[in-house]
Amino acid sequence: MTRAKKAPTLGVLAMGMTLATALPSVVQADDDILAKADFGYGEYLSGECVTCHQQNGSNQGLPSITGLDAESFAQIMLAYRNKELDNNVMQNVASRLDDEQIASLAVYFASLPPEE
Amino acid sequence: MSQFSRRQFTGLLAGAAGALAMPSLAFGAVPRVVVVGGGAGGATAARYIAKDSKGAINVTLVEASKQYYTCFFSNLYLGGFRDYGSIGHGYDNLSNNHGVNVVHDWAASVDGSRKVLKLASGAELPYDRLVLSPGIDLNYESVPGYSAEAQTRMPHAWKSGTQVKVLRDQVMNMKQGGTFVMVAPPNPYRCPPGPYERVSMIAHTFSQVNPTAKIIILDPKEKFSKQGLFMAGWEKHYPGMIEWIDPATHGGILNVNAETMEIETDIDTFKADAACVIPGQRAGSIAMAAGVNDGSWCPIMPATMASKADPNIYVLGDASVAASMPKSGFSANSQAKVAANAIRGELTGSRVYEPRFANTCWSLIATNDGVKVGANYKAGAEKIDVVDKFVSQGGESDAVRKETYEESIGWYNGITADMFS
């Protein structure tokens, strides 16, 4: 796979969302985590996400998760998995995602158009 | 990951399903999936099978209503937080965006040996796989004296739609200082926190238009979902208004009388000025007609949601025995994606991934006071097992409760887009 575009997403997140307030510095995405991505698997796994976060990027009550830089997406999910970010729904979702699954989701959602 | 690795799971299912799929594939015909019920299970299943198969599967959705009113968030309509129109959704996008054939008719019977669904109009729909997501029917007889006729004066409002409007009108028009009585349902039933969110929302409305009103809950259960959170919320927001009476105290509900508006229990007879009676429930009647039920509900294979009685029939949502998952719209939506993945694999040979289930139930207690309970699940050998769960805590800050409510609005917009867009 190709590395997703580098974008100032954490800044965007901090502005547009509540979830990305001050990501703890101890959480570092494994440099190679995205190498484990499987796009088709990410598309399947995304079914769990789009029950709440809209696939078209529309943001109505919850953060938009489409079109994000894949590394940032992965970093945020790792932070939820490590319980470094609050929100028990997201911690519950992340708790059973392994690195391959997080990477697959990150690459899949990075491929979708961002919120308009 | 759960008990299977992803690729092991793909191999197992592909092997098992290959033989079943062959007849359609061998003759080059486009395989047919017929889905009955356009709610959180059925609409999601139809949408995902059509969207992801990209024309390789012919999908027909049978739903009697042209406009579907969600049960979830109908309580917020009762509380004045939503208007009725905002919980209504149509099916045009499923046709226009994904090529689903939407048939507005009643499913009447199933001939499993011929693999044909018969409609009330007399038409027949042949299928390779049938998905039944009919929701619930009501066991009126579970509450002595209650009936389809009585529901006009004592609405259940447990299937959304016009019954919820009837209930809202009765709440708004109840005499000042009157008594509202809810008869809560016995287990198992659709939406475990639903009756108690409903009481919260009716109390919210009363606090604005009828502040001396009383609410009595006559419950056949000894405890209920998120009980501590609800009861603390009632004490905080509606002190003295709500009384919950457990079965050890009322001794059993002996009769309801819609003419006199009296509810008789073992210890007392309660005179209601308005009432909501939610009886016991069972799988929608088409599931019974298809013969895939065991008693009131339909057992399923946890890994796929296929019926244990007929491998060509899948049962989703409230009608299924999907314990440990609760009967909720979120659960049905989650189950639909598992079934869609399995059905596409069987019919077209697409990759089949390990099943993943999740649920969260949000409830609103008062303005900006939301609570939630949820879990994720995996397919066990006999049932769907909880992996990890969570619940809102007592004493959470106002900010957390407000965020929980806002999250629920996001979820409503998300799940309805996932069903209808």
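Chain A of this predicted model contains 5 helices and 0 strands, where helices (H or I, at least four residues) and strands (E, at least two) are DSSP runs numbered from the N terminus. Read along the sequence, the pattern of chain A is α-α-α-α-α. Residues are numbered from 1 along each chain as its sequence is written, and chains are lettered from A in the order in which they are written. Local features need pLDDT of at least 70 and side-chain atom pairs count only at pLDDT 80 or more, while totals for chains, interfaces and linings use all residues; side-chain values use heavy atoms, with hydrogens and water left out.

The mean pLDDT (the predictor's confidence in each residue, from 0 to 100) of chain A is 81, and 73% of its residues reach 70 or more. Over residues 1-27 of chain A, however, pLDDT stays under 50, and for this stretch the model has 47 contacts beyond four places in sequence, a contact being heavy atoms within 4.5 Å. Where pLDDT is low, the predicted coordinates should not be read in detail. Of the 116 residues of chain A, 58% count as buried, where buried means under 20% relative accessible area, exposed over 50%, and partly exposed in between (1.4 Å probe, protein chains only). Among the contacts in chain A with a separation of 6 or more, 77% join residues 24 or more positions apart.

When neighbours within four places in sequence are left aside, the contacts of Phe180(B) include Leu167(B), Ile202(B), Phe206(B), Ile215(B) and Cys276(B).

Strand pairing (at least two bridges found by DSSP between two strands) was examined next. Strand E12 (residues 214-218) of chain B is largely enclosed by the rest of the structure, because 4 of its 5 residues are buried. Strand E11 (residues 179-183) of chain B pairs with E12(B) in the parallel sense over 5 bridges, and Val181(B) stands opposite Ile216(B) in E12(B). In strand E9 (residues 129-132) of chain B, Arg129(B) and Val131(B) point one way and Leu130(B) and Leu132(B) the other way, and all are buried. Strand E1 (residues 32-36) of chain B pairs with E9(B) in the parallel sense over 4 bridges, with Val35(B) opposite Val131(B). E9(B) also pairs in the parallel sense with strand E20 (residues 313-315) of chain B, over 3 bridges, and there the bridge partner of Leu132(B) is Val315(B).

Lys159(B) lies in the loop between strand E10 (136-139) and helix H5 (162-173) of chain B, and Lys159(B) is partly exposed, with a relative accessible area of 40%. Although Lys159(B) and Phe72(B) are 87 residues apart in sequence, they are 9.7 Å apart in space, C-alpha to C-alpha.
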